[in-house]
Amino acid sequence: MATELKNLSSYDPTKVASGKGRRVGIVYAEWNDEITYALRDGAVKTLIENGVEENDITLASVPGSFELIFGASQMVKSGNYDAVIAIGCVIRGDTPHFDYICEGVTAGLSRLNVEYDVPVIFGLITTNNLLQAQERSGGRLGNKGDECAVTALQMMSLHFDNAGSK
Ligand code: RBF
């Protein structure tokens, strides 16, 4: 998560693996769309800047963050992607739903990472208010979508054989 000391969009392009020939699925939630669309667009831009072809990026929307689990699962199981980025935004209100949704999405996406060989990148912004979400989706603290794209590029280049060497 972004802090005063970490801008989510700052990375050294010379240290990021090329995305040439990689296929990436991005599943994003429609809930809090002002935020999730900005995150999605940041991820797409950063992937393309690092060599991923626009035609090799597939976008799929789901109603809310809870549905990211099913959406990401479908993308992973299709075998069509080298990485899947899941993007959502949950803003704390006066309801325990915040915790239920955050915990559910975290557990669901974690499970996909353990069970399948396609990296699923956690692009769920969880904030106390809208301003904090805006700051992390293209505002003062950068764009977590950029960070997700860089993470996807790094994870797609991380394949080990059975002996454990790269
Ligand atoms: N989905 C989000 O992506 N972000 C939210 O902040 C959010 N808040 C919700 C609050 C309540 C009270 C409910 C019932 C749902 C919320 N959802 C939110 C939608 C949720 O992720 C999911 O789409 C629905 O619960 C249907 O499965």
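## The sheet

In this predicted model, four strands form an open sheet with parallel pairing, in the order β2-β1-β3-β4. Strands here are DSSP runs of E with at least two residues, helices are runs of H or I with at least four, and both are numbered from the N terminus; two strands pair if DSSP finds at least two bridges between them. The edges are held by β2 (57-62) and β4 (120-127), each with a single partner strand, so one side of each is left without a neighbour in the sheet. On average, neighbouring strands are turned by 15° against each other, direction ignored.

## Strand β1

Strand β1 (residues 24-29) runs parallel to β2 and is joined to it by six bridges. Within this pairing, G25 has T58 of β2 as its bridge partner, and I26 stands opposite L59 in β2.

Six of the six residues of β1 are buried, so this strand is largely enclosed by the rest of the structure. Buried means under 20% relative accessible area, with a 1.4 Å probe and protein chains only. Both faces are covered: V24, I26 and Y28 are buried on one side, and G25, V27 and A29 on the other.

Helix α3 lies across β3 and β4, running at about 170° to β4. Such angles run from 0 to 180 degrees between N-to-C directions, and the axes are lines fitted to C-alpha atoms, for helices over the stretch in contact.

## The pair α2 and α3

The axes of helix α2 (residues 68-78) and helix α3 (residues 97-115) come within 9 Å and cross at roughly 15°. That makes α2 roughly parallel to α3, a term for angles under 35 degrees.

Contact, defined as heavy atoms within 4.5 Å, is made by L68, I69, A72 and S73 of α2 and by G104, V105, G108, L109 and L112 of α3. These residues divide into six nonpolar, three polar and no charged; Ala, Val, Leu, Ile, Met, Phe, Trp, Tyr, Cys and Pro count as nonpolar, Asp, Glu, Lys and Arg as charged, and the others, Gly among them, as polar.

## Basis of the description

Residues are numbered from 1 along each chain as its sequence is written, and side-chain values use heavy atoms, leaving out hydrogens and water. Because the model is predicted, local features need pLDDT of at least 70 and side-chain atom pairs count only at pLDDT 80 or more, while totals for chains, interfaces and linings use all residues.

Note on methods: Parallel < 35°, antiparallel > 145°, perpendicular 65-115°, else oblique. Buried < 20%, exposed > 50% of the residue type's maximum accessible area, 1.4 Å probe, protein only.
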